[in-house]
Amino acid sequence: MLTVKNLSKKLDNFCIDNANLTVPPGSYAMILGQSGSGKTTLLNLLCGIIKPDFGEITWNGASLFQRSAEKPVISVIFQNNNLFPHLSVKQNIEFPLHFQKLSKKERANRLEKAINATQTGNLLKKYPNALSGGETQRVALARVIASDTEIVFLDEPLSSIDVESKENLIELLRKIHETGKTIIHITHNVEETFRLANYLIIMNSGAIIQQGIMDDVVNHPKNNFVAQMFGYFNFFESCDKFGQETIDVFKIDISSSPFIIHPSKIDITTDYQHNSIKTSVKDISRTLNGYYIKVSTNPELTVFIDFGHSFLKKSPCPGMVCYIRPKH
Amino acid sequence: MENDSHVVTFAKMAKEMNLGKSVALLLSGLMLMFLIAPIIGLFASVNFPTLHETIKDNQVADSIGLTLSTAAITTLIFSILAIPTAYFLARKKFIGKNFLLGMINIPIVIPHSAAGIALLGIISRQTMVGQFAQKIGIPLLDSPIAIGLAMSFVSVPYLINTAREGFAGIPVRYEQQAKLMGASSTDVFFRISLPLNWRYILNGIIQMFARGMSEFGAVVIVSYHPTTTPVLIYERFTSYGLTYAQPIAVIFITICLIVFVLLRKIAQNSYANS
């Protein structure tokens, strides 16, 4: 278990304030946040590059930094990879093995395993400046596999690489996770998060907003910020502003809050249906799969319709009358 | 009409550009002439029978051997001290760092005869260092050691400065990454920082060697005999005149040029390989 207790660090124009974190062993944990949310600072604290003003970081009860060089606990891939430019790919992958007490055979095995897993056999003699973005990441991952540490920290490993390489890397990251490693992956990309994570930590302005098992966080966003991240545009801290008609149709329990309904869980039609609210289209924004439509109820609700939806027989336009009700 | 006026303007611009180019060429030509003319003049005016005689002169050969070997040995010995110093100065922040950086450049900015006098103040027979050296049988004054010390005193700042600049240019993240993989500070220095800074270090070594072997002012104060070539040129000039000083100068400059072309070639090859 990776535990972070009351971690604080004040930098010139930024601070991490009293961060608490628990990541179960074997998790694929994603730290999700927008740029400037403090993700990288948290990573630098977690891997010991910057010293905290206060707080402690432990792994299975012992300080994460009381580690021996012979058996390091963490390995890190930073955003710019840090492949050593003066060493060949093979020398880069071998680098961490120099400091671990390994027999010749073990060292050769580790190297072979890392090269096979990442398919970097054809790159061994090349130097980092001759590698593409995807190849660079594969070599960095090979180095991590060779290190064979219990925890792997990754800082935006999938940004700035082409789509094909990204797919290969996602597959590779899954394979590494399946070997039992605890992975802590920093990203601003929600799609990556859904594809890889089983544990989620959400950051904003230097604070951890919500953390937990992936499904729990996604299905029960704690506040509007988290809700918006996953497309829950209908997140209401309290139900005070709802009109009686909306409360009746959507069966809102006014004693409990918050009220959350995903836009895709609302049915919308141009003809009247039983037990629905009459409303009009206020604003439309197109996405890859359909439209988000804001309708003028009190308060406003956002409805998602996909391209196959019958509503699209008439193109949505502002002012169009429509009826909404919860999807069954 | 309008088109014609454009043509006129272009012609005018082209004329102005040509004029600018000519002025720049003239200035650069003058500059280069100033640098090259004395050397060409020296080679052109040398008297061949005297040159032949000088080549066979044992004192000249000995002095060239002494100059080159002392400069090379001291450059190598002082590299061992200068390179870690440069690394320390590039990576560490401490109070008085700027003052220290200024101090390192003192031997470069003061007159070299003054540098020689300063050095003499430490190694002369009256000082503790001088007396101790004498006691253990190492002659400091008028010896290759004195020459080496004088050469290094005025030339080692070039190596420290160049190497420091190089170390400062290496992103710290490579060193941090190596440490995270279990490398000790020594490992980081020898496996990461030193090889990444190899070009700057080599450049600094060449500069230090060049500056050391051509040193006159500081060397002449601490060691007149044995005599380095720059001192011998001066001695021949004051004792026998220009005709006898010129051949040694020609021989020494030729050797210097050959050495530097070779060193640059080695440096370039190592750049290409790195």
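Modeller: A polar contact is a pair of N or O atoms within 3.5 Å; within protein, one must be able to donate a hydrogen and the other to accept it, and residues adjacent in sequence count only if both atoms are side-chain atoms. This is a predicted model, in which local features need pLDDT of at least 70, side-chain atom pairs count only at pLDDT 80 or more, and totals for chains, interfaces and linings use all residues. Residues are numbered from 1 along each chain as its sequence is written, chains are lettered from A and ligands numbered from 1 in the order in which they are written, and side-chain values use heavy atoms, with hydrogens and water left out.

Biologist: With which side chain does the side chain of A:Glu156 make a polar contact?

Modeller: A:Glu156 is placed in the loop between strand 7 (151-155) and helix 5 (163-178) of chain A; helices (H or I, at least four residues) and strands (E, at least two) are DSSP runs, numbered from the N terminus. Its relative accessible area of 7% makes A:Glu156 buried (buried is under 20%, exposed over 50%, partly exposed in between, with a 1.4 Å probe and protein chains only). At 3.0 Å, the partner in the polar contact of A:Glu156 is the side chain of A:His188.

Biologist: What value is phi of A:Glu156 near?

Modeller: Contact means heavy atoms within 4.5 Å. Beyond four places in sequence, A:Glu156 is in contact with several residues, including A:Lys39, A:Gln79 and A:Gln137. A:Glu156 is not a glycine, yet its phi is positive, near 45°.

Biologist: Does A:Lys251 count as buried or exposed?

Modeller: A:Lys251 also has a positive phi, of about 50°, without being a glycine. It belongs to the loop between helix 9 (244-249) and strand 12 (259-261) of chain A. Its relative accessibility is 62%, so A:Lys251 counts as exposed.

Biologist: Which side chain of opposite charge is nearest to A:Arg143?

Modeller: A:Arg143 belongs to helix 4 (residues 133-147) of chain A. Lys and Arg count as positive and Asp and Glu as negative, while His and the chain ends are not counted; a salt bridge is a side-chain nitrogen of Lys or Arg within 4 Å of a carboxyl oxygen of Asp or Glu. A:Arg143 is buried and has no salt bridge. The nearest side chain of opposite charge is 11 Å away, namely A:Glu94.

Biologist: Over the ring of which residue does the charged end of A:Arg143 sit?

Modeller: The side chain of A:Arg143 has a polar contact of 3.1 Å with that of A:Asn92, and its contacts beyond four places in sequence include B:Gln177 and B:Met181. A charge sits over a ring if NZ of Lys or CZ of Arg is within 6 Å of the ring centre and within 35 degrees of the ring normal. For A:Arg143, at 4.9 Å from the centre, that ring belongs to A:Phe84.

Biologist: How many aromatic pairs are there over all chains?

Modeller: Rings of Phe, Tyr and Trp (its six-membered ring) pair if their centres lie within 6.5 Å; planes under 30 degrees apart count as stacked, over 60 as edge-to-face and the rest as tilted. Ring pairs join A:Phe84, A:Phe95, A:Phe99 and B:Tyr174 in a cluster. The count of aromatic pairs over all chains is 16.

Biologist: How many residues apart in sequence are the parts that A:Phe194 and A:Phe230 tie together?

Modeller: The rings of A:Phe194 and A:Phe230 are edge-to-face, with 5.6 Å from centre to centre and 80° between the planes. A:Phe194 lies in helix 6 (residues 190-196) and A:Phe230 in the loop between helix 8 (224-229) and strand 11 (234-236) of chain A, so the parts tied together are separated in sequence by 36 residues.

Biologist: Where does B:Pro226 lie?

Modeller: The peptide bond between B:His225 and B:Pro226 is cis, with omega about -5°. B:Pro226 is in the chain B loop between helix 12 and helix 13.
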